[in-house]
Amino acid sequence: MSNAPDQNTPELSAEDLAAIEEKFDEGAATRQVTDRFGLFLRYFSLLFATYHYLTAGFGLPPDYWHMGWHLSGLFILIYSLYPHIKTKSSFDLKTGAFRLGGVPYLDVILMVLGVMSALYIGMAWHGIPFLGIEEQTFRMGNPNTYDLVFGCILIVLVLDIARRTLGWILPFIICIFMAYALFGPLFPGILTHPGVKFKTFVSSMYFPQEGIFGVTLWVVSTIVFHFVLFGVIAQRTGLGQLFIDNATILAGRYTGGPAKVSVVSSAFFGTISGSSVANTVSTGALTIPNMKRLGYPGHFAGGVEAAASAGGQITPPIMGAAAFIMAEFLEVPYTTIVIAAIFPALLHYTGVFAVVHLMAKRLKLEGMTKDMLPKFAEVWRDGWANIVPLVGLLVVLFSGYTPYMSAFCGISLALVAGMSRFRQPITWVYPAFFIGFVIWKYMGDGFDLPMALILIAGAMIASFNPQERTTIPQMTDTIETGVKYALAVGAAAAAVGIVIGVINTTGVGFRIGFMVTQAASNLGSDLYALFNIGGFELFQVEDLTLFISLVFIALACILMGAGVPTTALYIMLVSVAQPALAQLGIPPIASHMFVLYYGVVAEITPPVCTSAYAAAAIANSNPFRTGISAFSLGLGKVVAPMAFVYAPVLLFVSSTGFDLFEFTYTAASCIAGVLALSVAVVGYWLAPMGVVFRILMAVAGLVFIAPSPQADLVALLIASPAILSQLLARRAQANPV
């Protein structure tokens, strides 16, 4: 394989990369508006971001007002930026008598109605006597005419903004749930129920605590928005480049260097990024052309980047925003979720890294030359200050403070690192503001003394950043981009609240869970007779029922995940699938992680795999083949959930307890399984491997995942012919006749 540069991989400009992200990330493409209206949207985006930033640090208003303001901002920005129907020309600038700044008056009317319906809850919370509106407590379950009108408007418009930002799939699924709630008697068998009265349905969907103003919108408006904003600011002020440079230093010199750089840099990026497509474009712009120049096929290079970037959705501490919602659902500290996610994420990257290494061996690819690698001293001499915001965020987060307080501190330190320089006294205003805030919190017992000193030191140290200062116009561009990134997840969270409301009102989650376990039990009983012949019991019925149930739920997660954002998908699936897993005796945190992982697998599962398609556009490769490569590379993510369901000890914090020996043995078994699967995918270990031996290694890999000495012994027996053939082939290569 030639190592000559690939002439079919042109350098992509920033505009090209932005176009790729807009094409494959539903929420990235926005319509053109006039300059004056664009200026209004810029100022509004800054106001929107400032509101969330200040409330995170100085205190939240009542939930109904806070979520109302957030939802109002979503309506204004989404109806301004996203067209009613997406066509080739719908994003172009159009002006005329029926448009305001390029926005059709119909969208302006919908925007106004959306804001009114979002703020009505707060205005009518304590009643409006002259309109005959009682306090909200007296209207629960018995809405008045105003409640019904504004409730219906909000339900329709929330579905519409989800459709505009994310496409038709999510609203369609939500409409099925709504139909189930309203027309319960029409459904067959165990799914039938008396049906929810229309007034009761609107009340449940509209009033706080459940439905649209429920936990999902609260988490997004209070936590997720801030972490998305932090990720964008930190990345653009230099942390992203620091990640890529260090990944290149760590992995670039080894066999298949650029591909390993892709894996490592994507793992780093996953700590701050909430979007796998954004992650793919950010790191893939550098790593994919380098992989192709080294000799990797285009579809494989794109697949490596897509698989590694999708792993960002399960990489602590941000985990694509789903971790915050998981913490709320499970009612555990956020740090518990982060700790539980460490080993599963490691298992995923182990699989991707192994496939990359073996493919490089098979293709006889070399690493990057020494002169191509960044110099460690230079990288850290110039970029050390950019790590301060991430360290500050994590220190506050893991010290027991709220996630939004940690995000406030992280954003503040990122602003200091980007915009303040010690040699320019006028820029001292940024660290001065944050230091004043820290002292104020300390005086009011908000921070203890060690935390206050750490944050003050962080602000002072970050102002010594040697890199070029980020200007105010550059920072406003960055903040505006961060707000746009958060629109789609906000719309999804509001819309998915309807699903949670329906599940709580009808109990459909437990009904579906019962159906899954019953079907698995029946199939397990049939297979029991097949597997247990002559009185020798190979499997018990309970074991088969559990395994079949997990397969059913995993397939449902992957199929439903086609085109649905990770966070929204997790919320829907955990509401439906978690009851089934609970009936099987699986610990809650393991069942939630199981659902999240298979939702993320949908990101790299053809035919709808947006991350792989974005990578294919950069690699100039066939999108479907790139998707297949990404899926095969992500096998670690496919098998990891099965491992921690059977062995919750891998999550560290499971209710079943933690045993170091059990963890070490089980982790080693799982890693062996992922490595065996990697060998099967590539068809190479010490030498090229035939089809039969690849099948044996694949089967052995799956058996290794089952955490028991008996299973490991069976796996070794299955794999032994393939291992022996590889050792003999290696000896033959070393001693040619």
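Predicted model: local features only at pLDDT ≥ 70, side-chain atom pairs only at ≥ 80, totals over all residues.
Local features need pLDDT of at least 70 and side-chain atom pairs count only at pLDDT 80 or more, while totals for chains, interfaces and linings use all residues. Residues are numbered from 1 along each chain as its sequence is written, and side-chain values use heavy atoms, with hydrogens and water left out.

Rings of Phe, Tyr and Trp (its six-membered ring) pair if their centres lie within 6.5 Å; planes under 30 degrees apart count as stacked, over 60 as edge-to-face and the rest as tilted. The count comes to 29 aromatic pairs. In one of them, the ring centres of Phe58 and Phe408 are 6.1 Å apart and the planes stand at 85°, so this pair is edge-to-face. Phe58 belongs to helix α2 (residues 35-58) and Phe408 to helix α18 (residues 403-419), 350 residues apart; helices are DSSP runs (H or I, at least four residues), numbered from the N terminus. Phe408 is buried, at 0% relative accessible area, whereas Phe58 is partly exposed at 42% (buried is under 20%, exposed over 50%, partly exposed in between; 1.4 Å probe, protein chains only). Both residues sit in an aromatic cluster that includes Tyr53, Tyr401 and Trp440.

Helix α2 also meets helix α21 (residues 472-506): their axes come within 9 Å and cross at roughly 75°. Axes are lines fitted to C-alpha atoms over the stretch in contact, with angles from 0 to 180 degrees between N-to-C directions. The two helices are therefore roughly perpendicular (65 to 115 degrees).

Key: Parallel < 35°, antiparallel > 145°, perpendicular 65-115°, else oblique.
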